Amino acid sequence: MSVAVVPLSCRAPLGARILHTRPWKNYPTCWLPLWTRPLKVSSAIGDLQPTQIIEVDAIAAGEAMVAKSELEVNGDSPEVVEESIKEDKGNGFPKKSSNKDRKPGDGTFDYERFTLRNGREVYLEKAYLVGVEHKRGEDDFLGIEESLEELAQLADTAGLLVVGSTYQKLAHPNSRTYIGSGKVSEIKNAIHALDVETVIFDDELSAGQLRNLEKAFGGDVRVCDRTALILDIFNQRAATHEAALQVSLAQMEYQLPRLTKMWSHLERQAGGRVKGMGEKQIEVDKRILRTQITALRKELESVREHRRQYRNRRVSVPVPVVSLVGYTNAGKSTILNRLTGADVLAEDRLFATLDPTTRRVQLNNGKEFLLTDTVGFIQKLPTTLVAAFRATLEEISESSLLVHVVDISHPLAQQQTWAVDKILSELDVASIPKLVVWNKVDKTMDPTKIKMEALERDHVICISALSGDGLKELCDAIQGKLKDSMVWIEALVPYDKGDLLNTIYQIGMVEWTEYKEQGTLIKGHVPLPLARQLTPMRQLCIS
Ligand SMILES: Nc1nc2c(ncn2[C@@H]2O[C@H](COP(=O)(O)OP(=O)(O)OP(=O)(O)O)[C@@H](O)[C@H]2O)c(=O)[nH]1
Ligand SMILES: [Mg+2]
């Protein structure tokens, strides 16, 4: 079978399958896919990025791919590159024909691995998960098996088919291969027997470890880590321009130190004639990548500036902001939808929400506050991502109150709560008042017992966002907590400032109103920004 590397501008025959796309020069839109993702070529192919390179498996079209690509190498004249999949001779395993070697209609083609997702036919890559249980640090909230279970959920969210997993107890990770050599052989056996395309490690791997493991596993097997998997999910889900920029930046920063293998094929193709060709190309690529990181940072900064200005405008109307924070899939978006009638995507998947959404909550007593839904957290959240999303999380740091949503029906609810608390402390928001909400109480074995437990604790509200049970108590508790964060004022509001008086009634807690000759005398609690705005009227009251 021949596989050609072709620029996308070159049309593949209808019915051919794209095995995978590789980034070429313009990195911002091109992220080296972590696994091959064959797509059936349709008329839509012309819509793909013209800067990417695709590998096209022409067998499905029943004809050899003749297209060739031109790659510029080290600034020399363009060179024609053609790859062919080498026979796997020396690994000692019986050659298992992979789906790539099978033809539709020859009885071996694995049709079951094509599935529909979001109305698109996608090919489910087989993934094998690997973890290491080392001496537990204070950041290890989950045991190894639980962490691997979560990794399997992440893999499923990314569209992978998990076919097996394993872990090893190690005092210290191996610097070359992360796991011990015996374990490497064991995994190699398993992945070849199961026809696995991707091996995912539960912890972040170094560039060297990734390279050594790929070499050890041989063939076309890709190795990636939890961070790359989360980045890939974020990449698939980024809906707004800012989120897309943030994810691209995080991906490039992750990719930069790992940019080692991509171009080694150039040396192979040149038959070793031009030694160090791949190495030089890596340097060129790193320079291009750094330039693009700088450009992306600039663009992101201008988008953030725009958002900051918008937020400042919002601050001039000092409605208190309440942020929903919590572990991914805890039910934050469902709560926002319930309380505000919003239509934010809420589904039983990790990282359904990437962009914060703010909506006004209007209570029956005429009071109101703004409610913000935020990106969910997860244990071992990559530091690059925490940094990348810091701007979005500024929303959190400027809130009057944080509502920490916990999925109390989850067997690891306690550990998830600790993980969220740790991330919140990293975000420096410890000073913001917090309310804990136990959600999904309807899904627990004994809701009455859970409610009793919540009663025994301070500031814990039990709800079911799905059924609406406890939402009134939640709003009352939010109001109570907001009051705690407000300041007491006494102000004389002139009669021509009717709008301001309305705002005080809407967002403050007025306890005394008296109509005086110069205006309305108000005594009560109001949010700090409003209290500042009322300074002249407070002075009027004192005098
Ligand atoms: N049984 C039950 N399911 C719930 C409840 N609240 C939310 N869910 C379900 O939990 C799943 C996740 O809900 P989301 O609202 O998307 O959770 P999220 O916290 O926004 O998740 P991310 O955006 O991924 O961080 C959805 O399938 C909801 O229908 C609840 O009170 N009871
Ligand atoms: Mg959500």
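Tyr-178 is buried, with 25 other C-beta atoms within 10 Å. A residue is called buried if 20 or more other C-beta atoms lie within 10 Å of its own, exposed if 12 or fewer, and partly exposed in between, with C-beta atoms placed from the backbone. The model is predicted: local features need pLDDT of at least 70, side-chain atom pairs count only at pLDDT 80 or more, and totals for chains, interfaces and linings use all residues. Residues are numbered from 1 along each chain as its sequence is written, while chains are lettered from A and ligands numbered from 1 in the order in which they are written.

Tyr-178 sits in the loop between β11 (160–169) and α2 (181–194). Helices (H or I, at least four residues) and strands (E, at least two) are DSSP runs, numbered from the N terminus. The phi angle of Tyr-178 is near 65°, a positive value in a residue other than glycine. Asn-329 also has a positive phi, near 75°. Asn-329 belongs to the loop between β14 (321–326) and α8 (332–340), and is buried, with 23 other C-beta atoms within 10 Å.

The chain is divided into domain 1 (1–88), domain 2 (124–233), domain 3 (318–481) and domain 4 (486–542). These bounds come from an automatic or database domain assignment. Taken over C-alpha atoms, the centres of domain 2 and domain 4 are separated by 60 Å.

Next comes the nonpolar core, a set of buried Ala, Val, Leu, Ile, Met, Phe, Trp, Tyr and Cys residues joined through C-beta atoms within 7 Å. The largest one has 97 residues, and Leu-129 and Val-437 are among those with the most contacts inside it. Helix α5 (residues 241–255) gives the largest share of this core, eight residues. Leaving aside neighbours within four places in sequence, Leu-129 is in contact with residues including Leu-148, Val-162 and Ile-200. Contact here means that the C-beta atoms of two residues, placed from the backbone, lie within 7 Å.

An open sheet has three strands in the order β20-β22-β21, with antiparallel pairing. Two strands pair if DSSP finds at least two bridges between them. Because β20 (487–494) and β21 (509–515) stand at the edges, each with a single partner strand, one side of each is left without a neighbour in the sheet. Eight bridges join β20 to β22 (residues 519–526), and Val-493 has Thr-520 in β22 as its bridge partner. Helix α14 (residues 498–507) packs on the sheet, touching β20, β21 and β22, and its direction makes about 30° with that of β22. For such angles, axes are lines fitted to C-alpha atoms, for helices over the stretch in contact, and angles run from 0 to 180 degrees between N-to-C directions.
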